[in-house]
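Reader: I have a new structure to study. Please show me how to read a few of its features.

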Amino acid sequence: MSNKEELASNRKTQILEAAAELFAEKGYYKTTTADVARVVGVTQPYVFHFFKSKEELYLAVLQKAKEIILYAFSSTEASMEDLQKSMGNAFEGLLKSYRNEMLLMMTAFSIPEPAIRNYVRAGFDEVYERIRGAFSDAGITDFENQARKFIGCGLLITMAEVLQLPNLFLKD
């Protein structure tokens with residue numbers, strides 16, 4: 001990779017990170033691509049060099065979030081008895097390390113744009129399939145319902161984070 005390509009790749013990453021933070025803080029409608037450009041220290045046309053619209057930028061942030069979630073759950077290895085707890089720990093790690101991305105995945109379905117809603121719906125289906133498969137492979141009884149419960153618990157925890165209601169966080 002040339003220096004120019006590396007710089008562009010780094011800038012794109014910076015744009016995605018700044019966008020995730022701004023979208024999580026201000027929401028989709030109150031965040032502009034000019035806001036993102038200002039945080040990164042580039043021009044708005046430079047943002048449009050990578051992302052043709054704000055919606056495309058938002059979808060790229062959601063793509064990154066989904067990949068992070070899928071990786072975390074795919075790389076969790078534990079015995080049948082410990083898998084759910086290990087995956088729960090992985091989820092906690094996601095909320096700590098990738099808070100903005102996790103909050104965006106949770107709240108993105110509230111945005112009425114069809115492309116965003118469809119992407120989020122498909123993303124949650126992918127996450128469910130990944131968790132269901134891991135539970136099935138581990139030999140967990142009633143793996144489909146256990147996967148649903150696991151995701152439901154994660155959604156509740158994330159919603160508590162969005163609403164800043166720490167008393168709703170589940171503790172061991």
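Author: Start with Ser-74, which lies in helix H4. Helices are DSSP runs of H or I, at least four residues, numbered from the N terminus. This is a predicted model: local features need pLDDT of at least 70, side-chain atom pairs need 80 or more, and totals for chains, interfaces and linings use all residues. Residues are numbered from 1 along each chain as its sequence is written, and side-chain values use heavy atoms, without hydrogens and water.

Reader: How confident is the predictor in the protein chain, by average pLDDT?

Author: pLDDT is the predictor's confidence in each residue, from 0 to 100. Where it is low, the predicted coordinates should not be read in detail. Here the protein chain averages 91, and 94% of the residues score at least 70.

Reader: Is Ser-74 buried, exposed or partly exposed?

Author: Buried means under 20% relative accessible area, exposed over 50%, partly exposed in between (1.4 Å probe, protein chains only). Ser-74 has 37% relative accessibility, so Ser-74 counts as partly exposed.

Reader: What does the side chain of Ser-74 reach?

Author: The backbone oxygen of Leu-70, at 2.8 Å.

Reader: Which classes of residue line the largest cavity?

Author: Rolling a probe the size of a water molecule over the atoms shows where empty space is left. For the classes, Ala, Val, Leu, Ile, Met, Phe, Trp, Tyr, Cys and Pro count as nonpolar, Asp, Glu, Lys and Arg as charged, and the others, Gly among them, as polar. The lining has 12 nonpolar, two polar and no charged residues. H8 gives the most, with five residues.

Terms used
Helices (H or I, at least four residues) and strands (E, at least two) are DSSP runs, numbered from the N terminus. A polar contact is a pair of N or O atoms within 3.5 Å; within protein, one must be able to donate a hydrogen and the other to accept it, and residues adjacent in sequence count only if both atoms are side-chain atoms.
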